[in-house]
Amino acid sequence: MRLDGAILPWPDVLWRAGLLNRVHEYAPVKTAVKRLVQRAARRFGYQMVPVGVWAKASRALALADAAPSLLFQVDPVFQSSYARGLAITGTPESGQVVCSKRQSRFYNLLSIHRWAGGVPGWQVECGCWKGLSSYLLNQQAKRLKPSHDGAGFMIVDSFEGLSQPTSEDRVQRGSDPALPGGEYAARAGTFHCPQDAVRKALSEFPAIEYHQGWIPEVLSSLPERTYSFVHIDLDLHDPIRGAVDYFFPRLEKGGVIVLDDYGSLTWPGALKGGDDAAAALGQPLTPLSTGQALLVRR
Ligand SMILES: C[S@@+](CC[C@H](N)C(=O)[O-])C[C@H]1O[C@@H](n2cnc3c(N)ncnc32)[C@H](O)[C@@H]1O
């Protein structure tokens, strides 16, 4: 039963607001006023309860909110793969809310990856950090085809963290309540992880191809090939724009680009990078409630 907004503490609010200061000494008046307030509250759909009961109910509601309510939260295959990926790559777990957001993004990522499974072409992740999403994608490929060793999957990353943010990446004051008006969400170098460490974490998939360098510049050095699935998790405007510009024309029919940060208020450049690239390509972009967005080659 949801009680949000349906509970009001005893008329403490009124005592504290000083409205009843003069009469609260007189018990009969106090009781009458209490009844009056109770009746009025009931009329507007509220129920008056003692503060102690209210506090207990609020705690129970908070716990109920934390309880799993969506499939991905109890999907044993996803949950065990995610937990293993965290452990193997050494990716820090986030707080409960952030963790659940990250899990829902990765769950979507895996569903879209399965969906693009029948399309020919290479798969690529731009922006791997410690390798968690690459691990989950390759784990899934292995579940579908046990001989999968990473062949046909490539990673492109600076392995030196984020590039220099530009004015497009400036977070507007107040646009993200989690950021107290800072100019940028992160500095160049954030999410730095050496290539050796990622290779070690993903050693179960020795055939993964690694390309180190700054996006977009490094993209011109990639072998000319076509793609079925592209995951772009680069946070910043310039590399996102450059990656979409490069990979979309190389997608096979039915192939898909997943933009990780498109709808994130923390990374405003990701939205503009995705929108600008989609507009230049004349392609529709599909935003998801997780902050991800899709570009599909039809
Ligand atoms: C948020 S992390 C990726 C998280 C990762 N997908 C995961 O599963 O945890 C962003 C990554 O993008 C890379 N990156 C950012 N800007 C880049 C650029 N201009 N060129 C190459 N790599 C870049 C960083 O090195 C980092 O690995």
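Ala, Val, Leu, Ile, Met, Phe, Trp, Tyr, Cys and Pro count here as nonpolar, Asp, Glu, Lys and Arg as charged, and the others, Gly among them, as polar. By these classes, the shell around the ligand holds 10 nonpolar, 6 polar and 4 charged residues. In this predicted model, 20 residues surround the ligand. The closest are Gly 127, Ser 133, Ser 158, Ser 163 and Pro 239.

Now step back to the whole protein chain. The chain has 10 helices and 9 strands. Of its 298 residues, 32% are buried.

β6 covers residues 227–232. How many of its residues are buried? The count is 6 of the 6, so β6 is largely enclosed by the rest of the structure.

β6 has partners to examine. Strand β3, residues 122–126, is joined to β6 by 5 bridges, and the two run parallel. In this pairing, Gln 123 stands opposite Phe 229 of β6. Strand β7, residues 251–259, is also joined to β6 by 5 bridges, again in parallel. Here His 231 stands opposite Val 258 of β7.

How does the chain get from β6 to β7? The path runs through helix α9, residues 237–247. This β-α-β crossover is right-handed. Pro 239, one of the closest residues to the ligand, falls within the range of α9.

Technical notes
Residues are numbered from 1 along each chain as its sequence is written. This is a predicted model: local features need pLDDT of at least 70, side-chain atom pairs count only at pLDDT 80 or more; totals for chains, interfaces and linings use all residues. A residue is near a molecule or strand if its C-beta atom, placed from the backbone, lies within 6 Å of it. Helices (H or I, at least four residues) and strands (E, at least two) are DSSP runs, numbered from the N terminus. A residue is buried if 20 or more other C-beta atoms lie within 10 Å of its own, exposed if 12 or fewer, and partly exposed in between; C-beta atoms are placed from the backbone. Two strands pair if DSSP finds at least two bridges between them. A crossover is right-handed if, with the strands pointing away from the viewer, the path from the first strand over the helix to the second runs clockwise.
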